[in-house]
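I set out here what I looked up in this entry.

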Amino acid sequence: MLASWYDRQGSAADVFQVGELPEPQPGPGEVRVRITVSGVNPGDTKKRRGWLGSSMAFPRVIPHSDGAGVIDAVGEGVDGTRVGRRVWVYGAQSYRAFGTAAQYTVVPEHLAVSLPDHLGDELGAALGIPGITAHRAVFGDGSVDGRTVLVQGVLGGVGSMAAQLARWGGATVIGTVTGGKDLDRVDSSVVSHAVALDEDDPAKAIRAHAPQGVHRIVEVALSDNADLDAEVVANDAVIAAYATRADRPQVPFWPLLFANVTLRLIGSDDFPVEAKRQAARDLTAAAAVGALTVDIGARYPLDEIAQAHDRVDVGGRGRVLVTIPQ
């Protein structure tokens with residue numbers, strides 16, 4: 001099969017190889033998926049670069065946890081009628097050596113989620129890590145129906161999906177953007193009120209729309225926003241943080257304590273299995289009824305995977321995908 005891999009960590013241009021590898025075979029409880037589209041996430045580029053001193057977990061890595069395609073073979077114990085079914089894949093390279101940047105990947109069958117016929121492979125390949133992270137941030141502490149959810153960084157990959165899921169779940173959504181120039185990019189059908197963090201008093205602007213405070217905060221930059229979060233939380237609120245700019249963020253302890261705030265730190269690779277499965281079900285259901293869409297920013301062929309990783313590292317609007325030749 002045609003695949004891309006690396007045998008050592010480093011810059012994308014230095015370590016990526018593209019060529020032929022043996023086709024994997026599914027074992028008991030596994031399915032093999034012929035991949036059409038592979039999704040690239042920041043976590044993929046961090047593993048490749050050795051972020052935070054991480055080393056090679058396996059001698060050879062085919063990257064990317066997210067993807068979409070068609071099941072073409074199943075292992076012992078798996079219903080044979082799954083062969084030929086379109087699926088989206090998550091967790092393919094989570095604690096596993098071989099992900100979706102190849103013509104075939106083999107995963108435990110529950111990691112291959114049925115993809116409704118009217119949804120495209122590009123959407124399926126974009127759901128995994130950001131969607132499951134967003135779902136946990138929004139629903140990890142129960143229903144948000146009738147609640148107010150603040151999504152910090154609402155235009156980001158996780159933030160945009162969190163806003164859509166919260167709205168789908170019955171919440172009023174307030175979203176923040178870095179600067180006022182980005183306000184017109186916010187989808188008003190999802191986000192009831194958008195606030196720019198560079199305005200004079202963003203906390204006051206948020207409180208104007210949530211006088212009693214917000215019940216959940218989906219936080220992309222805890223170290224940057226901790227003081228603002230403390231100013232706008234309701235009593236018994238939850239701050240679900242999935243990223244931070246500083247490795248050791250400082251938080252305003254007493255204001256958060258007096259508000260009885262729960263600080264939930266979320267890392268998608270290690271969510272409980274049932275939480276991931278529920279997220280996968282809900283993501284598919286929301287997408288199926290048009291309540292969840294994903295902005296695709298760039299597409300690259302497999303032989304340009306290094307450029308795809310570089311695009312993710314520099315940031316930019318929309319998800320980055322790699323198309324797999326058939």
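In which strand is the place of Val322? I located Val322 in strand β15, residues 319-323; strands (E, at least two residues) and helices (H or I, at least four residues) are DSSP runs numbered from the N terminus.

I recorded the basis of the entry: this is a predicted model, in which local features need pLDDT of at least 70 and side-chain atom pairs count only at pLDDT 80 or more, whereas totals for chains, interfaces and linings use all residues. Residues are numbered from 1 along each chain as its sequence is written, and side-chain values use heavy atoms, with hydrogens and water left out.

**Val322.** I looked up its accessibility: Val322 counts as buried because its relative accessibility is 0%. Buried means under 20% relative accessible area, exposed over 50%, and partly exposed in between (1.4 Å probe, protein chains only). I then listed its contacts (heavy atoms within 4.5 Å). Leaving aside residues up to four places away in sequence, Val322 touches Thr36, Val37, Ser38, Val40, His64, Tyr300, Pro301, Leu302, Ile305 and Ala308.

**Helix α2.** I examined residues 42-49, where the buried residues are Asp44, Thr45 and Arg48. These lie on the same side of α2, because they cover an arc of only 95° around the axis; the arc is that of the directions from the helix axis to the C-beta atoms. I found that the buried residues of α2 pack against α1 (12-15), β3 (30-40) and α10 (305-314). Gly50 follows α2 and has a positive phi, near 80°.

**Positive phi outside glycine.** I noted Leu52, not a glycine, with a positive phi of about 55°. Leu52 is in the loop between α2 and β4 (66-74) and is exposed, its relative accessible area being 60%. I noted likewise Tyr95, which is not a glycine and has a positive phi of about 60°. Tyr95 belongs to the loop between β5 (86-89) and β6 (104-108) and is exposed at 59% relative accessible area.

**Whole protein.** I counted ten helices and 15 strands. Buried residues make up 52% of the 326 residues. Of the contacts with a separation of 6 or more, 67% join residues 24 or more positions apart. Along its principal axes, the C-alpha trace spans about 60 × 40 × 35 Å.
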